[in-house]
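This report covers packing and sheet layout. The sequence and structure come first.

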Amino acid sequence: MPSGRLSYPERQRVAAGLADGLSYAEIGRRLGRPKSTVIREVARNGGAHDYRADRAEQAARRRARRRAPAAPPVPPPRAAADPRTRADFETRFAQMAAQTGMPSMMARVLICLFTAESGSRTATELAARLGVSPASVSKAVGWLEGRGMLRRERNGRRERYLIEDDVWQQAWLASMEGIAQWASFTRQGAELFGGDTVVGTRLLATSQWLQHIRQDMIEAAEHWRQAAL
């Protein structure tokens with residue numbers, strides 16, 4: 001199996017394979033390259049729907065000419081932030097999460113777990129730290145759990161809520177499932193209203209776009225999974 005970066009003819013074959021609707025695995029087999037190589041090549045050069053062999057080749061040549069940057073100096077160890085500074089950061093962190101679309105209480109609970117040394121707290125601890133009712137915590141936990149952003153662990157009579165190191169990967173997977181449902185329902189709507197109607201055309205275009213987005217997300221997730229191995 002060849003090693004090193006892809007040649008320009010190989011990039012042309014990648015582009016042709018994508019245009020023909022081949023999977024990354026099949027393109028890799030035809031090139032004699034690992035699937036992960038093809039995934040990385042496409043992901044760093046516009047994605048499956050915007051990959052161009054000439055642009056990818058130019059980008060690879062620029063990277064080859066670029067000298068490796070010097071390692072940044074290691075910052076000196078810092079003293080632990082005082083409680084007031086930590087609380088201010090947590091507040092601003094939760095506000096940012098809320099501004100980008102997460103409900104406020106869900107954001108506060110998530111950030112409270114993020115900033116815990118163990119990455120976990122009980123419902124009682126969360127309610128006390130946030131100054132809210134247990135019912136508010138319970139609702140937020142259910143919302144976050146449904147999106148793969150935390151899990152429950154029973155310790156005797158108490159439940160602890162934890163975030164894992166791969167919390168964003170789990171949230172990503174849950175997001176893909178939601179997109180799949182939207183794509184399915186909009187396609188059903190297109191069939192119901194008819195492809196020759198304004199509504200049907202709109203729904204079909206939405207479904208197709210969502211399917212493309214989900215496929216790109218699946219391929220990106222596979223790329224990062226392979227890179228982590």
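## Nonpolar cores

The largest nonpolar core has 22 residues, of which M102, V109, L113, L126, L144 and M149 touch the most other members. A nonpolar core here is a set of buried Ala, Val, Leu, Ile, Met, Phe, Trp, Tyr and Cys residues joined through side-chain atoms within 4.5 Å. Buried means under 20% relative accessible area, with a 1.4 Å probe and protein chains only. Helix 6, helix 7, helix 8 and helix 9 (167–193) each supply at least two residues of this core. Helix 6 gives the largest share, six residues.

M149 touches M102, L110, L144, I163, V167, W168 and A171, leaving aside residues up to four places away in sequence. Contact means heavy atoms within 4.5 Å. A second, separate core has eleven residues, including L6, L18, Y24 and V42.

## Model and conventions

This is a predicted model: local features need pLDDT of at least 70, side-chain atom pairs count only at pLDDT 80 or more, and totals for chains, interfaces and linings use all residues. Residues are numbered from 1 along each chain as its sequence is written, and side-chain values use heavy atoms, without hydrogens and water. Helices (H or I, at least four residues) and strands (E, at least two) are DSSP runs, numbered from the N terminus.

## Helix packing

The axes of helix 6 (residues 104–114) and helix 8 (residues 134–146) come within 9 Å and cross at roughly 85 degrees. That makes the helix 6 and helix 8 pair roughly perpendicular (65 to 115 degrees). Axes are lines fitted to C-alpha atoms, for helices over the stretch in contact, and angles run from 0 to 180 degrees between N-to-C directions. From helix 6, M105, M106, V109 and L110 meet S136, K139, A140, V141, W143 and L144 in helix 8.

Helix 6 and helix 7 have axes that come within 11 Å and cross at roughly 110 degrees. Helix 6 is thus roughly perpendicular to helix 7. Here R108, V109, C112 and L113 in helix 6 meet L126, R129 and L130 in helix 7.

An open sheet of three strands has the order 1-3-2, with antiparallel pairing. Strands pair if DSSP finds at least two bridges between them. Strand 1 (120–122) and strand 2 (151–155) each have a single partner strand, so one side of each lacks a neighbour in the sheet.

Three bridges join strand 1 to strand 3 (residues 158–162). S120 stands opposite L162 in strand 3. Helix 7 (residues 123–130) lies across strand 1 and strand 3, at about 90 degrees to strand 1.

Terms used: Parallel < 35°, antiparallel > 145°, perpendicular 65-115°, else oblique. Buried < 20%, exposed > 50% of the residue type's maximum accessible area, 1.4 Å probe, protein only.
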